[in-house]
Amino acid sequence: MIRIGVVGYGYWGPNLVRNFAETSGATVAAVADLDLSKLAQLRKRYPAITVTRDVGDLLADPTIDAIAIATPVQTHYELGLAALMAGKHLWMEKPMCQDSREARRLVEVAAQRGLTLLVDHTFIYTGAIRKMGDIIHSGDLGRVYYYDSVRVNLGLFQRDVSVISDLAVHDFSILDHLLEEHPVAVSASGTNHFPGTPENLAYVTLFYDSGSIAHINVSWLAPVKVRQILIGGSQKMIAYDDLEPSEKVKVYDKGVTFTDDPSQIQEMRVGYRTGDMWAPKIGVAEALRVEGEHFVDCIVNRKTPETDGRLGVRVVELIEAANQSMRRRGETVYLEGARVAA
């Protein structure tokens with residue numbers, strides 16, 4: 001039985017506690033939070049869980065095997081490093097850190113100490129994204145031409161990170177999973193409509209050596225909530241709507257053919273193909289539960305998590321590049337090193 005201590009019982013912490021409490025092979029041993037009212041709520045629902053305002057109590061407890069960090073991103077590095085130095089396996093909320101150098105340091109320490117490090121990029125564990133990955137990796141989509149995402153809503157406004165760190169971070173991890181390729185350049189534009197606050201609207205474009213291009217629209221200022229992705233391939237196309245109660249993923253047998261045959265120079269050289277649409281069956285298990293079970297399995301059987309620290313580093317690098325480009329009014333930022341060394 002893996003005993004887990006959760007640090008932070010604010011927005012996401014309750015979801016972690018609920019899922020870990022119901023995950024086979026795991027139990028929530030203790031929760032730390034500075035807010036006494038939140039701890040009181042937790043105590044009513046889970047009277048067997050120890051509560052404390054001091055994270056040091058969790059780190060010093062030899063019966064706790066792993067620490068899950070669900071605190072503001074500026075605290076991630078300090079808390080994560082302390083957990084690893086205390087010999088605890090580590091679950092970190094996204095983004096992993098504010099600085100890619102700090103993220104790399106955590107990866108190094110976890111490897112040196114033989115500890116599991118998982119970054120909670122939850123979308124990778126959803127049935128819809130896994131099915132989309134299966135379709136792309138099987139070759140059914142053909143060559144991926146583009147990825148177009150709209151991820152907008154009204155709020156929640158963050159005080160410590162831009163909308164890129166809050167929302168585009170999901171697309172960065174999804175793209176890493178689907179394309180299995182790191183972008184070579186980033187261009188972003190955005191703005192903050194309220195002085196002294198982070199950017200609340202942004203448009204990010206990622207460029208890949210393969211020729212694929214990804215465009216991401218994120219905003220906290222939209223009148224409606226939209227979570228949609230379009231992926232165009234040379235053979236088929238995918239439409240994904242996360243807010244659909246069913247048929248979240250639809251595959252269209254549509255495409256374009258183009259010829260440079262000189263004999264057809266007088267004719268239209270673009271042809272359009274329209275076939276069937278089908279909605280594949282996707283898993284309905286809660287992603288966080290799937291991820292929690294995976295975390296426990298990785299600890300017990302010494303496996304590398306699907307969303308390990310190296311993925312976390314790659315995502316933080318993209319956030320840094322996108323923010324840098326955005327604050328330079330869309331200047332293209334080139335990325336050094338397509339992958340974190342294995």
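Predicted model: local features only at pLDDT ≥ 70, side-chain atom pairs only at ≥ 80, totals over all residues.

Biologist: Where does Arg53 sit, and which residues does Arg53 touch?

Modeller: Arg53 is in the loop that runs between strand S3 (50–52) and helix H3 (55–60). Leaving out residues up to four places away in sequence, Arg53 touches Asp33, Leu34, Leu36 and Leu39. With Leu34 there is a polar detail too: a polar atom of the Arg53 side chain lies 2.9 Å from the backbone oxygen of Leu34.

Biologist: Next, how do I read a salt bridge?

Modeller: The general idea is that side chains of opposite charge can pair when their charged atoms come close. This structure holds 14 salt bridges. In one of them, Asp171 pairs with Arg151, and the closest N and O atoms are 2.9 Å apart. Asp171 belongs to helix H7 (residues 163–179) and Arg151 to strand S7 (residues 144–154), so the pair ties together parts that are 20 residues apart in sequence.

Biologist: Are Asp171 and Arg151 buried or exposed?

Modeller: Both Asp171 and Arg151 are buried. Arg151 also lies over the face of Phe123, 5.0 Å from the ring centre. For another salt bridge, look at Arg310 and Asp308, which meet at 3.0 Å, N to O. Here Arg310 is partly exposed, at 26% relative accessible area, whereas Asp308 is buried, at 9%.

Biologist: And what about aromatic rings?

Modeller: A pair of aromatic rings is described by the distance of the centres and the angle of the planes. A search of the whole structure turns up 6 aromatic pairs. Take Trp91 and Phe295: their ring centres are 5.4 Å apart and their planes are at 80 degrees, so we call this pair edge-to-face. Trp91 is in strand S5 (residues 89–93) and Phe295 in helix H8 (residues 287–301), so the pair ties together parts 204 residues apart in sequence. Trp91 is buried, with a relative accessible area of 1%, and Phe295 is buried at 0%. Ring pairs also bring in Phe20, making a cluster of Phe20, Trp91 and Phe295.

Biologist: Last one: what is the mean pLDDT of the chain, and where does pLDDT stay under 50?

Modeller: The chain's mean pLDDT is 93, and 93% of its residues reach 70 or more. Over residues 338–342, though, pLDDT stays under 50. For that stretch the model has 12 contacts beyond four places in sequence.

Key: Residues numbered from 1 in each chain as written. Heavy atoms only, no water. Phe/Tyr/Trp six-rings, centres within 6.5 Å; stacked < 30°, edge-to-face > 60°. Helix = DSSP H or I, 4+ residues; strand = E, 2+ residues; numbered from the N terminus. Buried < 20%, exposed > 50% of the residue type's maximum accessible area, 1.4 Å probe, protein only. Lys NZ or Arg CZ within 6 Å of the ring centre and 35° of its normal. pLDDT = per-residue confidence, 0-100. Contact = heavy atoms within 4.5 Å. Polar contact = N/O pair within 3.5 Å; in protein donor to acceptor, adjacent residues only side chain to side chain. Salt bridge = Lys/Arg side-chain N within 4 Å of Asp/Glu carboxyl O.
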